[in-house]
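Please consult the sequence and the structure alongside the text.

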Amino acid sequence: MGNESLSFDEARALVEGFAALVREPEKEHVALLDADGRVLAEELRADRDFPPFHRATRDGFAVRAADTATLPSKLRVIGEIAAGHAREIALNAGEAAEIMTGAPLPDGADGVVMVEYTRRDGEFVVLDRAMRAGENFVPRGAEARAGDLLLEARERLNPAAIAIAASVGKASLAVFRRPVAAILATGDELVEVGENPLPAQIRNSNGYSIAAQVRRAGGDPMVLPIVRDHEDAIRSAVSSAKSADLLILSGGVSMGKYDLVEQVLASEGAQFRMTGAKIQPGKPIVFGTLPREYGDLPFFGLPGNPISTMVTFDLFVAPVLAALGGAKDAPLRFAHAKIAEDFKVAPGLTRFLPAVLASSAAETRVSVVPWHGSGDLAAVVKANCYLVVPPDAAVLAKDSMVSVLLKD
Ligand code: AMP
Ligand code: MG
């Protein structure tokens with residue numbers, strides 16, 4: 001059985017330790033247009049020098065610095081070089097070439113004078129300011145040399161990474177297969193979204209919020225039918241999830257008479273790595289692995305309260321899902337802000353409280369969203385971060401700097 005008294009840091013380290021040992025998933029190829037958010041399964045290297053030529057970064061005149069030593073300097077314009085047009089122009093002393101941003105610098109030139117500092121005079125250009133060698137162009141190979149590593153495997157692709165792939169000529173990319181996360185909502189009170197709940201029933205919202213979080217964390221959700229609080233029903237649902245890469249259960253992990261998830265998992269031979277953490281919300285979270293013929297199936301039992309479910313996913317499920325999808329890591333992103341109001345809590349737990357971060361150029365302030373317990377979705381939908389309250393804090397004084405955990 002796992003340790004019931006893990007602090008948040010211990011619990012997070014345990015999950016990250018597990019994630020670090022996850023086996024590398026299979027690869028597949030996707031078109032570059034479909035690659036955003038996928039995890040790269042190959043290295044991207046420069047196929048040529050970047051830039052491939054001395055690239056002008058301003059519109060103006062390519063000149064020789066030596067020709068601007070005495071001012072004003074009157075140089076003969078011997079040609080024009082536009083972006084995309086290789087020109088066999090070489091500057092001799094006393095000569096200039098009109099040049100556009102993105103065009104290759106002609107031989108003999110060692111810089112570009114911006115057009116704003118020039119006057120045209122027939123076939124000449126007159127410069128009123130000196131130019132130092134190296135101004136307004138990027139030398140060939142300054143960004144990367146042919147063969148240089150531009151992006152390591154296991155990085156999640158973002159628009160800049162996709163631009164790199166395009167610039168080295170990759171129309172398709174090797175990426176890791178998305179991990180399948182089976183989602184199992186448990187509870188006698190639950191009905192499906194399309195059904196009309198009886199007075200004591202509620203609709204299954206966790207199945208959908210977890211599915212959305214799975215997608216954002218790089219996985220493919222496999223939403224299983226709602227399971228009643230009955231051992232056999234839970235057992236057969238769990239066995240129907242065995243083909244997945246990860247099993248996420250919601251509900252049934254607290255101390256209630258009908259919280260049967262842990263018992264069923266134990267009877268199926270689960271190895272529990274964590275049974276509860278000193279956090280709020282989400283204290284009853286469980287994490288472990290179920291034996292199966294080909295490698296163990298990791299599982300999380302998340303508390304059913306919708307906000308607990310979401311927070312514990314962000315804190316603990318996301319890094320495991322990222323690892324199952326081949327990603328190098330999925331660090332939590334913290335920031336610091338001034339708290340807008342005094343905030344008092346009982347010490348002892350690390351709290352992650354839905355909050356709103358509001359920024360101006362001058363400062364960033366965080367306010368806790370007023371909520372009525374871990375089921376208050378309507379309040380929490382406005383949150384864009386979690387206020388992090390350390391376990392030893394009892395009061396966070398208005399205007400003091402506090403930690404926030406950023407949400408994606
Ligand atoms: P449990 O963790 O099973 O004790 O559930 C805690 C609370 O979360 C109860 O109020 C449940 O009704 C609610 N809950 C459990 N599962 C879901 C779900 N799938 N969707 C929405 N609320 C849920
Ligand atoms: Mg329940």
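Helix H6 (residues 306-324) bends by about 50 degrees at Val317, with a proline, Pro319, following within four residues; the bend at a residue is the angle between axes fitted to the seven residues ending there and the seven starting there. Helices (H or I, at least four residues) and strands (E, at least two) are DSSP runs, numbered from the N terminus. This is a predicted model, in which local features need pLDDT of at least 70 and side-chain atom pairs count only at pLDDT 80 or more, whereas totals for chains, interfaces and linings use all residues. Residues are numbered from 1 along each chain as its sequence is written, chains are lettered from A and ligands numbered from 1 in the order in which they are written, and side-chain values use heavy atoms, with hydrogens and water left out.

**Helix H6 and its ends**

- Because 18 of its 19 residues are buried, H6 is largely enclosed by the rest of the structure; buried means under 20% relative accessible area, exposed over 50%, and partly exposed in between (1.4 Å probe, protein chains only).
- Pro306, in helix H6, is buried, with a relative accessible area of 15%.
- Leaving aside neighbours within four places in sequence, Pro306 is in contact (heavy atoms within 4.5 Å) with Ser205, Asn206, Ser374, Gly375 and Leu377.
- The C-alpha atoms of Pro306 and Gly375 are 5.4 Å apart, although 69 residues separate the two in sequence.
- Just after H6, Gly326 has a positive phi of about 90 degrees.

**Packing of H1 against H6**

- Helix H1 (residues 8-20) packs on H6 at an angle of about 10 degrees, with the axes 9 Å apart; axes are lines fitted to C-alpha atoms, for helices over the stretch in contact, and angles run from 0 to 180 degrees between N-to-C directions.
- H1 and H6 are therefore roughly parallel to each other (angles under 35 degrees count as roughly parallel, over 145 as roughly antiparallel, 65 to 115 as roughly perpendicular and the rest as oblique).
- Phe8, Ala11, Arg12, Val15, Phe18 and Ala19 of H1 meet Asp314, Leu315, Phe316, Pro319, Val320 and Ala323 of H6.
- The residues of this contact of H1 with H6 comprise 10 nonpolar, no polar and 2 charged; Ala, Val, Leu, Ile, Met, Phe, Trp, Tyr, Cys and Pro count as nonpolar, Asp, Glu, Lys and Arg as charged, and the others, Gly among them, as polar.

**Packing of H3 against H6**

- The axes of helix H3 (residues 206-216) and H6 come within 10 Å and cross at roughly 30 degrees, so H3 and H6 are roughly parallel to each other.
- H3 contributes Asn206, Ser209, Ile210, Gln213 and Val214 to the contact, and H6 contributes Pro306, Thr309, Met310, Phe313, Asp314 and Leu321.
- The residues of the contact of H3 with H6 divide into 6 nonpolar, 4 polar and 1 charged.

**Backbone features in loops**

- Most residues other than glycine have a negative phi, and most peptide bonds are trans.
- The peptide bond from Phe50 to Pro51 is cis, with omega near -10 degrees, and Pro51 lies in the loop between strand E2 (44-45) and strand E3 (55-56).
- The peptide bond from Leu71 to Pro72 is cis, with omega near -10 degrees; Pro72 is placed in the loop between strand E4 (60-63) and strand E5 (73-81).
- Asn136 has a positive phi near 60 degrees and counts as buried at 18% relative accessibility.
- Asp399 has a positive phi near 75 degrees and counts as partly exposed at 38% relative accessibility.
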